[in-house]
Amino acid sequence: MNIKVNGSMIEMQSSVRTVQDLLAFYEVSQRIIIVEHNSEIIAKEEYAKTVINDGDVFEIVQFVGGG
């Protein structure tokens, strides 16, 4: 399956089926993030329910603190 993540096309493993799986793959599932799926922001509660399909487009934004 081919998807676009943060502007880059990638071929995703078949084991990655949901947004939660995608975040685990990128090792960002425990961080403060915003996920946009096909131009719609997804609520954190929906990550495990949102199925990834071929051609989907994602933007994953991670907040970074500093001082």
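Buried residues make up 30% of the 67 residues in the protein chain, where buried means under 20% relative accessible area, exposed means over 50%, and partly exposed lies in between (1.4 Å probe, protein chains only). The model is predicted, so local features need pLDDT of at least 70 and side-chain atom pairs count only at pLDDT 80 or more, whereas totals for chains, interfaces and linings use all residues. Residues are numbered from 1 along each chain as its sequence is written, and side-chain values use heavy atoms, with hydrogens and water left out.

**Overall fold**

The protein chain contains one helix and five strands, arranged along the sequence as β-β-α-β-β-β. The radius of gyration is 12 Å, close to the 11 Å that the globule rule gives for 67 residues, so the chain is as compact as a globular protein of that length. This radius is taken over C-alpha atoms, and the globule rule is 2.2 Å times the number of residues to the power 0.38. Helices (H or I, at least four residues) and strands (E, at least two) are DSSP runs, numbered from the N terminus. Along its principal axes, the C-alpha trace spans about 40 × 25 × 20 Å.

Of the contacts with a separation of 6 or more, 56% are between residues 24 or more positions apart; a contact means heavy atoms within 4.5 Å. The chain exposes about 4,700 Å², and carbon and sulfur atoms supply 48% of this area. Accessible areas come from the Shrake-Rupley method with a 1.4 Å probe, and for residues only the protein chains shown count as cover.

**The loop between β4 and β5**

D56 is placed in the loop between β4 (40–42) and β5 (57–62). D56 is buried yet has no salt bridge, and K4, the nearest side chain of opposite charge, is 12 Å away. For such charges, Lys and Arg count as positive and Asp and Glu as negative, while His and the chain ends are not counted. Leaving aside neighbours within four places in sequence, D56 is in contact with N2, I3, K4, H37, N38 and V51.

T50 is found in the loop between β4 and β5 as well, and T50 counts as buried because its relative accessibility is 15%. Not counting residues up to four places away in sequence, T50 touches R17, T18, V19, H37 and I42.

| Side chain | Partner | Distance |
|---|---|---|
| D56 | N38, side chain | 3.1 Å |

**The salt bridge**

Side chains of opposite charge can pair when their charged atoms come close. The structure holds one salt bridge, defined as a side-chain nitrogen of Lys or Arg within 4 Å of a carboxyl oxygen of Asp or Glu. The side chains of K49 and E46 form this bridge, at 3.9 Å from N to O. K49 is exposed, with a relative accessible area of 59%, whereas E46 is partly exposed at 32%.

**Strand β4**

I41 is found in strand β4 and counts as exposed, because its relative accessibility is 62%. I41 touches I34, V35 and E36, not counting residues up to four places away in sequence. The C-alpha atoms of I41 and F58 are separated by 9.6 Å, and the two residues are 17 residues apart along the chain.

Conventions: Polar contact = N/O pair within 3.5 Å; in protein donor to acceptor, adjacent residues only side chain to side chain.
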